[in-house]
Amino acid sequence: MTSPASPRPEDENLGVGANLAYGLQHVLTMYGGMIAVPLIIGQAAGLSAGDVGLLIAASLFAGGLATLLQTLGIPFFGCRLPLVQGVSFASVATMVAIIGNDGTGGMQVVFGAVIVSSLVGLLITPLFSRIIKYFPPLVTGIVITTIGLTLMPVTARWAMGGNSQATDFGSPANIGLAAFTLASVLLLSKLGSASLSRLSILLAIVIGTLAAMATGMADFSQALQGPWVAMPEVLHFGAPQFQVAAILSMLIVIVVTMVETSADILAVGEIIGTPVDSKRLGNGLRADMISSALAPLFGSFTQSAFAQNVGLVAVTGVKSRYVVASAGLILVTLGLLPVMGRLVAAVPTAVLGGAGLVLFGTVAASGIRTLAQVDYRNNMNLIIVATSIGFGMIPIAAPGFYHHFPTWFETIFHSGISSAAIMAILLNLLFNHLRAGNSDQQSVFVAASERTLRYRDIAGLNEGDVFRDGKLYDRDGNEVPIMEPDEGHLKPAKVPAMH
């Protein structure tokens, strides 16, 4: 239970054992995404297998430190929310382009661009932290929904095997293993106790992995080969190099990362039911930027919150930031102990795909639940939701949609999350803040929803009930108490007069 001095849900401490168990669940959920970026960058740079391994270890180590900073926090740094940090996917295309222009020496140029752009991001954080008033449930609901939907292709690729070049990619065996893992999640959630249900993702991954071993689809024979302990080397790939063009292109990535991190911070605050003000948002962004600026020293890249772990918070209901801090410790350990990393990496990707379907779907469902709180009467909110989500789906439905646009434009809008967030913010400003010029003739979108009522709003009414002077009376003229949604107890409440 939370102590009287720490009433916030994220400050609940479940104890060492539970923290580590739930923390491992977080690590398994994001491990595939964490190692994907260094794999892609290492291959693009033509690095040896040993150097690619160092990139992966550095990313785990830097991500663990960034997670500890974000969850535990120090003055001015860290939002102190259950957010796992890791290498940002938003930077992959830009970093590959930089390396392609400079060959293997481009690694030093990438590191230099990440350092400078992250420090610039640190300077402009106060501007971003003041935009929280432009993130009402209308905007956050759109962003949360889009986060879940944009992660669906990820879990589909995982379920198919992960490696599109493999001969068994998309085979019935891989998809069947993913389906078996999904069924395990559902059965554990239905039949298990509250504790088992919270650990359903982790237990299902273990069960799926055991099934894969029994059918010859998992191989742990190589996990114990190679060094067991390896300390991260500072500047292993050489001193950073600073090129103006690379820095400018990476600045665009940093802006996109800040938008996505802001959305993730607000999303997890909404999911766990804790307020996120501009100060807390600013602290979270500063932790993001300082982590990104220091990561290249160890051989890693830009850091941001992992959206898939927001889904894990939603599906398990475990809101404690100490659980995620434990995940940070596990990540640091994996970065120092390559043997542990190899064991986790041996978990079949198809198993993660089965679990990911629940996780990422839960994110989208949480966004839909937030959008259900939005008032759609006599306003343009319906068209804002429709346009923003549709805009965010374009990069998912047609990944090459922006290929012929300028590079800076493609970098920003290639992410469905940032596309939806930008559109939602702009349309909310246009229709709900800048009301000058709004027509008094309601559009078809407003007219269509003007007389729509939710069933739960009228389910409690009886025949003969009537609203009069803002109060509800039964057929005998007795006033009916109204339950205030934020109070949880019955008391007479003022109800808008209805005619």
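Figure 1. Val120, Leu123, Ile124, Leu127 and Val255 make a nonpolar surface patch of about 430 Å². Patches are built from residues with over 30% relative accessible area and no salt bridge, with nonpolar side chains (Val, Leu, Ile, Met, Phe, Trp, Tyr) joined within 5 Å and like charges within 9 Å. A salt bridge here is a side-chain nitrogen of Lys or Arg within 4 Å of a carboxyl oxygen of Asp or Glu. Areas come from the Shrake-Rupley method with a 1.4 Å probe, and for residues only the protein chains shown count as cover. Helix α4 (residues 106–129) gives the most to this patch, with four residues. Helices are DSSP runs of H or I with at least four residues, strands are runs of E with at least two, and both are numbered from the N terminus. Val120 sits in helix α4 and is partly exposed, at 30% relative accessible area. On this scale, buried means under 20%, exposed means over 50%, and partly exposed lies in between (1.4 Å probe, protein chains only).

This is a predicted model, in which local features need pLDDT of at least 70 and side-chain atom pairs count only at pLDDT 80 or more, while totals for chains, interfaces and linings use all residues. Residues are numbered from 1 along each chain as its sequence is written, and side-chain values use heavy atoms, with hydrogens and water left out.

**Figure 2. Ser117, a buried residue of helix α4.** Stay with helix α4 and look for Ser117. Ser117 is buried, at 0% relative accessibility. Leaving out residues up to four places away in sequence, Ser117 touches Ile247, Met250, Leu251 and Ile254; a contact means heavy atoms within 4.5 Å.

**Figure 3. Two nonpolar cores.** A nonpolar core is a set of buried Ala, Val, Leu, Ile, Met, Phe, Trp, Tyr and Cys residues joined through side-chain atoms within 4.5 Å. The largest one has 66 residues, and Ile142 and Ile205 have the most contacts inside it. Helix α10 (residues 244–272) supplies the largest share of this core, 10 residues. Another core lies apart from it, with 36 residues, including Val52, Ala113, Ile247 and Val324. For a closer look at Ile142, set aside its neighbours within four places in sequence: Ile142 is then in contact with Leu371, Ile384, Val385, Ser388, Ile389, Ala420 and Ala424.

Figure 4. Most residues other than glycine have a negative phi. Phe76 has a positive phi, near 75 degrees, and lies in the loop between α2 (49–72) and β1 (85–87). Phe76 is exposed, with a relative accessible area of 61%. Arg80 is also found in the loop between α2 and β1, and its phi is positive too, about 60 degrees, although Arg80 is not a glycine. Arg80 is partly exposed, at 32% relative accessibility.

Figure 5. Arg130 belongs to the loop between α4 and α5 (137–150) and is exposed, at 58% relative accessible area. Arg130 and Lys279 are 149 residues apart along the chain, and their C-alpha atoms are separated by 8.4 Å.

Figure 6. The chain averages a pLDDT of 79, and 83% of the residues score at least 70; pLDDT is the predictor's confidence in each residue, from 0 to 100. Over residues 1–5 the pLDDT is below 50, and this stretch has five contacts beyond near neighbours in sequence. Residues 486–499 also have pLDDT below 50, with 22 contacts beyond near neighbours in sequence.
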